[in-house]
Amino acid sequence: RQSRTVEMQVIPYFENHKLLVVRDITELYQLAQIRRDFIANASHELRTPLTVLRGYLEVMIDTPGEHHKAWGLPLEHMETQSLRMQAIIEDLLTLSTIEAESITAVKEVVDVPLMLHQLEIDAKQLGNENHQFTFEVEEALTIKGYAEPLKSVFMNLVSNAVRYSPDGGEIDVRWFKENANIVFEVQDSGLGISQEHIPRLTERFYRVDKDRSRVTGGTGLGLAIVKHVLERHNARLYIDSVLGKGSVFRCEFPVAKS
Ligand code: ADP
């Protein structure tokens, strides 16, 4: 007999009764698996030819000669675009790895303060703009989770704050405990986002302004990665933003019950 995948939900029903709803989601589950495998395989297959193209491109750029006169600028464009393509492929692979690992990986104690101190050093090199950073980090707060994926959550949110803020903009990063949660928060005083876009920001390739995202080197997958990693930590993302004023991206991790 073929095994089936089901989803169960208990809902209140008439007076003191409860209803157990069992839904067969085998086909849905299999389709999701096929989609995940397809994306992972396609990204892998694209990696190799792109590496070959980039190799030739680098040789052409580094070799002095007549070709630089006519081809200097196009070569630079080709390099920028191939870097973009590489970043998209890497983000797609990251997404499918996160999805595939969700069942098997084991959580470990993650020294988030240490991670954020490293990020503070790296953040200053994220753009060539002069953003003003403050990092307020409660030193003793660690959580149980997955180190590398968490690092990409923090990195993505801080790099978005940089990319969607003007030169000299203030960016505040905080790590603290509040009630039953440990909170990671990034606040910027940048472009902001109008309300109708907010619910869709974590969809793959959803962007408010495609051109801006391209120019600043975005892949359109950053917040999709953030969402998936947070789900694996039972954490929640809250986005609070005012157009023209700035945004707050807040991740709430439940304090582990031990
Ligand atoms: P991208 O690579 O396009 O930045 P993301 O998934 O990281 O992709 O973000 C999706 C979209 O959300 C962005 O294209 C941008 O429109 C919007 N966005 C994300 N972070 C911010 C921010 N801090 N301020 C304003 N808009 C933002």
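Modeller: Residues count as buried under 20% relative accessible area, as exposed over 50%, and as partly exposed in between (1.4 Å probe, protein chains only). The model is predicted: local features need pLDDT of at least 70, side-chain atom pairs count only at pLDDT 80 or more, and totals for chains, interfaces and linings use all residues. Residues are numbered from 1 along each chain as its sequence is written, and side-chain values use heavy atoms, leaving out hydrogens and water.

Biologist: How many of the 11 residues of α6 are buried?

Modeller: Helices (H or I, at least four residues) and strands (E, at least two) are DSSP runs, numbered from the N terminus. The buried residues of α6 include Gly 222, Leu 223, His 228 and Arg 232. The helix is mostly covered, and the buried count is 9.

Biologist: What percentage of the residues of the chain is buried?

Modeller: The chain has 6 helices and 9 strands, and its C-alpha trace spans about 85 × 50 × 35 Å along the principal axes. Of its 258 residues, the part that counts as buried is 38%.

Biologist: How far does α1 reach from its first C-alpha to its last?

Modeller: Helix α1 runs over residues 26-62 and has 37 residues. Its buried residues include Arg 36, Ser 43, Leu 50 and Arg 54. The expected span is 1.5 Å times one less than the number of residues. For α1 that expectation is 54 Å, and the reach is close to it, at 54 Å.

Biologist: Is Gly 145 buried or exposed?

Modeller: Gly 145 lies in strand β5 (residues 143-145). Contact means heavy atoms within 4.5 Å, and Gly 145 touches Lys 107, Glu 108, Val 110 and His 233, leaving aside residues up to four places away in sequence. Val 110 is 35 residues away in sequence and 6.3 Å away in space, C-alpha to C-alpha. Because its relative accessibility is 0%, Gly 145 counts as buried.

Biologist: What is the relative accessible area of Gly 192?

Modeller: Gly 192 is in the loop between β7 and α5 (210-215). Not counting residues up to four places away in sequence, Gly 192 touches Ser 241, Val 242, Leu 243, Gly 244, Gly 246 and Ser 247. Gly 192 is buried, and its relative accessible area is 16%.

Biologist: Is Asn 179 buried or exposed?

Modeller: Asn 179 sits in the loop between β6 and β7. Its phi is positive, about 50°, although the residue is not a glycine. With 71% relative accessibility, Asn 179 counts as exposed.

Biologist: Where does Glu 15 lie?

Modeller: Glu 15 has a phi near 50°, a positive value in a residue other than glycine. Its relative accessible area is 68%, so Glu 15 is exposed. The place of Glu 15 is the loop between β1 (6-13) and β2 (17-24).
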